[in-house]
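Hello,

Here is the structure I promised to pass on. Have a look at it first, and my notes follow below.

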Amino acid sequence: MSGANSLADETGSRPSLRDRILGVFRSSSSTSFSGFPDNIPVDDGTQDLDPGVGSLSGEPDARTRLLESYNRHDPLCGQRSCDHGTFSPRPEEHENSPWAVRFMQKNGNYGRNDEVAGDMSNSAQFSRPTSAPRSDTMQSMESSFSTPFPKHRKTLYISYYVPFFNWITQYRLSYLRGDLIAALTIASIYIPMALSLSENLAHAPAINGLYSFVICPFIYAILGSSTLLVVGPEAAGSLLTGTVVKTSVNQGISGEEDEAANAMVVGVATAMAGAMVLVAGLTRLGFLDNVLSRPFLRGFITAIGFVIFVDQLLPEAGLAQLAAEAGVSHGTTINKIGFFFRNIKNGHGLTAAVSFGSFAIIMVFRIIKKSLEPRIPQVVYFPDRCIVVILSAILTWKFGWDQQGLEILGATKNNGNGLFEFKWPFQFSHMKHVRAAMSTSFVIAILGFFESSVAAKGLGEGRRDGVKGMSVSANREMVALGVSNVVCGCFMGLPAFGGYGRSKVNASTGARSPMSSILLSIITLICIMVLLPYLYYLPKAVLSSMISVVALTLVEECPHDVAFFIRLRGWTELALMLLIFTTTIFYSLEMGMAFGIGLSVLILIRHSTKPRIQILGKVAGTENRFDNAELHPENVELVAGALIVKIPEPLTFANTGDLKNRLRRLELYGSSHIHPSHPRMRSPEHNKNIIFDVHGVLSIDGSGAQVLYEIVKSYTDNGTRVFFCRVPTRSVFRRFERSGIVDESGGMSHFVRGVDEALRLAESEETLEF
């Protein structure tokens, strides 16, 4: 029975106009929202059932529930109370009736405290109406909540956070053949690559690149959540590590030829990058891979590829010594290009022939593999780079090319440090290296984690015929990568992260479990202990040519993204890519990193601080449907005498700073797109009532509540009536109450369930005033 009828029964006379108005916004306690008193109009997204649907006889089937859901305007999530807005957080768990009793005793509930409080023992007064069937989704959720916790929870937690205990129990002997073949294939391709990355890019002893393949894949196989991801040194990380070594040389901390000191600098940079990733994983910052925009990453990685390719031109042409004497080795990329063309006539012929010949052979095999792979997938197993390395070493030994001026790898163990010597990188005596590596290590960590995240997501959960039940988690990935690199830094290895190309080869060659990574570590260790002395005659020019091939793979992905953004008319993204690329080429990697990160953060801040408020109007031909008046001006009519504002996002300190100005623009022009220099276009008569639709405000912090209170107070001081509708959650309403917004706007009577109710209430209050 409505409130108006109740008053009529009590007084025995016709209710007054005010009583009838208040009766519209009262509902019986038997149909109130679960856990809320009747006078709190928290939105549940429901309407009264259509009479035709309500008269259906018999048990409701799935089709009946669907039709009833359409007529009730139930939320798509299947719950009667929708707590989902723009950012869709988890549905908030409603509290029980004691909170409702306390709140009603505090606020009076329009004189109905005694009636409701007396019936608090009856739980049906605060439950879902029995006439409305519950959705299947809600039933499944309730059944999952009622399921008892499984036994051996500690074992499950250990298996989750240390995935080794998950996949090792599923491992079968039949998996060993595929894992071993994949490990041998990866080793034949990437062990020579690791030597090249360490020697040519990181400016460290070649053996330090192999340390990464011994330590990091083994630890990742124990802690990593991706079954087929292979961790190892990458070109971008190695080049950035090389910049740290160059900085130490320029500052006099280490010498150009002091391999022991350079190896220590590499270890500090690797351990610092690992520590940053580890701390981020422990503090659950796995979302950081979304901070850097795709244009920034593509522009920076393309610039890295170009820088690597130009850097390798000098040793490939035999100009490395001449460039070091001229002071160009540590110069900009543009300086190196100019030096190369000015001194190409002074190059070493045999070195150039070996390097460019090796480059041509690898590129030819790469093209042949790509063309044959669709018809003959097994062609990917062919170890072309390993063959080039072995043949070049044999030819150098046979013909004595090292005596003719061709630089060779030499003895890799005599570098001033012992084999697998442990040195804790975070010593006080190493603080000079820490200061030199701080900013660069941060970028190594960000880029490495981003590439690992992309690779892990691309690989998915592994093969169907392999281990199962391992889902990729960004936070656990950070922990695994962080621990791997911290331990690797203790042995002065290069930074190691997941690579998509390497992991794709691992998956395509038969790997079924992380055991392939463990086998790769064992194979690399055997190579260090047994086979490495046989690479004494390996020409450094061959290592440079292999690095040049990697550089091309980094650059060749750029045209696809450029074409995509041109087709999309994404001029902002293209400008960002171009600025980062040119800054890196003309200045330095550090300047390119700082510039790109700064622009990305500015774009992110600009996006997050921009209010997205909307002016609503009534849809033509309807009574209670409202839509964005700026998006659909042809079908939406503005309501005379009222400004309806929808806030579709949580309110924080970031996006409330300009909220007053945006609202002022809506008051003056009825649109947020009209420039403030224009004269007023909206009459003040249409701003007598301000209605805020706050269904999207799923959270509000203290700063946001303070700004909103100031806005409401400024309106009420000017005689403007303020209404709020569709408050989404109990916590948001509490924040409104504690900040004074509820009292300042006119009390609980100005908090209603919908925009149409707010309009009716505003019209009735205007009538009462007259």
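Ile 344 is partly exposed in this predicted model: its relative accessible area is 48%, which lies between the 20% under which a residue counts as buried and the 50% over which it counts as exposed. You will find Ile 344 in the loop that joins helix 16 (333-342) to helix 17 (349-372). Its C-alpha atom is 9.1 Å from that of Gly 318, a residue 26 positions away along the chain.

His 203 is not a glycine, yet has a positive phi, near 55°. His 203 sits in the loop between helix 10 and helix 11 (207-223), and with 30% relative accessibility it is partly exposed. Arg 569 likewise has a positive phi, about 60°, without being a glycine. The loop in question here runs between helix 24 and helix 25 (571-586). Is Arg 569 buried or exposed? Arg 569 is exposed, at a relative accessible area of 55%.

The largest nonpolar core has 111 residues, and the members touching the most others are Leu 195, Leu 240, Phe 300, Ile 304 and Ile 308. Helix 10 (residues 175-201) is the biggest contributor to this core, supplying 13 residues. Beyond its neighbours within four places in sequence, Ile 304 is in contact with Ala 236, Leu 239, Leu 447, Leu 554 and Leu 589. There is also a second, separate core of 32 residues, with Ile 613, Val 697, Ile 700 and Ile 711 among them.

Helix 14 (residues 294-316) and helix 24 (residues 558-567) have axes that come within 10 Å and cross at roughly 145°, and the crossing is left-handed. On the helix 14 side the contact involves Arg 294, Pro 295, Arg 298 and Thr 302, and on the helix 24 side Cys 558, Asp 561 and Phe 565. By type, these residues are three nonpolar, one polar and three charged.

Finally, the annotation. An unreviewed UniProt entry places "transmembrane region" features at several stretches, including residues 210-231 and 574-605. In the model, residues 210-231 are 64% helix and 5% strand, with end C-alpha atoms 12 Å apart. Residues 574-605 are 94% helix and 0% strand, and there the end C-alpha atoms are 20 Å apart.

Best wishes

Conventions
Residues are numbered from 1 along each chain as its sequence is written. This is a predicted model: local features need pLDDT of at least 70, side-chain atom pairs count only at pLDDT 80 or more; totals for chains, interfaces and linings use all residues. Side-chain values use heavy atoms; hydrogens and water are left out. UniProt positions are given in the numbering used here, feature names are shortened, and annotations may be inferred rather than shown by experiment. Helices (H or I, at least four residues) and strands (E, at least two) are DSSP runs, numbered from the N terminus. A nonpolar core is a set of buried Ala, Val, Leu, Ile, Met, Phe, Trp, Tyr and Cys residues joined through side-chain atoms within 4.5 Å. Buried means under 20% relative accessible area, exposed over 50%, partly exposed in between (1.4 Å probe, protein chains only). Contact means heavy atoms within 4.5 Å. Axes are lines fitted to C-alpha atoms, for helices over the stretch in contact, and angles run from 0 to 180 degrees between N-to-C directions. A crossing is left-handed if the near helix is turned anticlockwise from the far one by less than a right angle, and right-handed if clockwise. Ala, Val, Leu, Ile, Met, Phe, Trp, Tyr, Cys and Pro count as nonpolar, Asp, Glu, Lys and Arg as charged, and the others, Gly among them, as polar.
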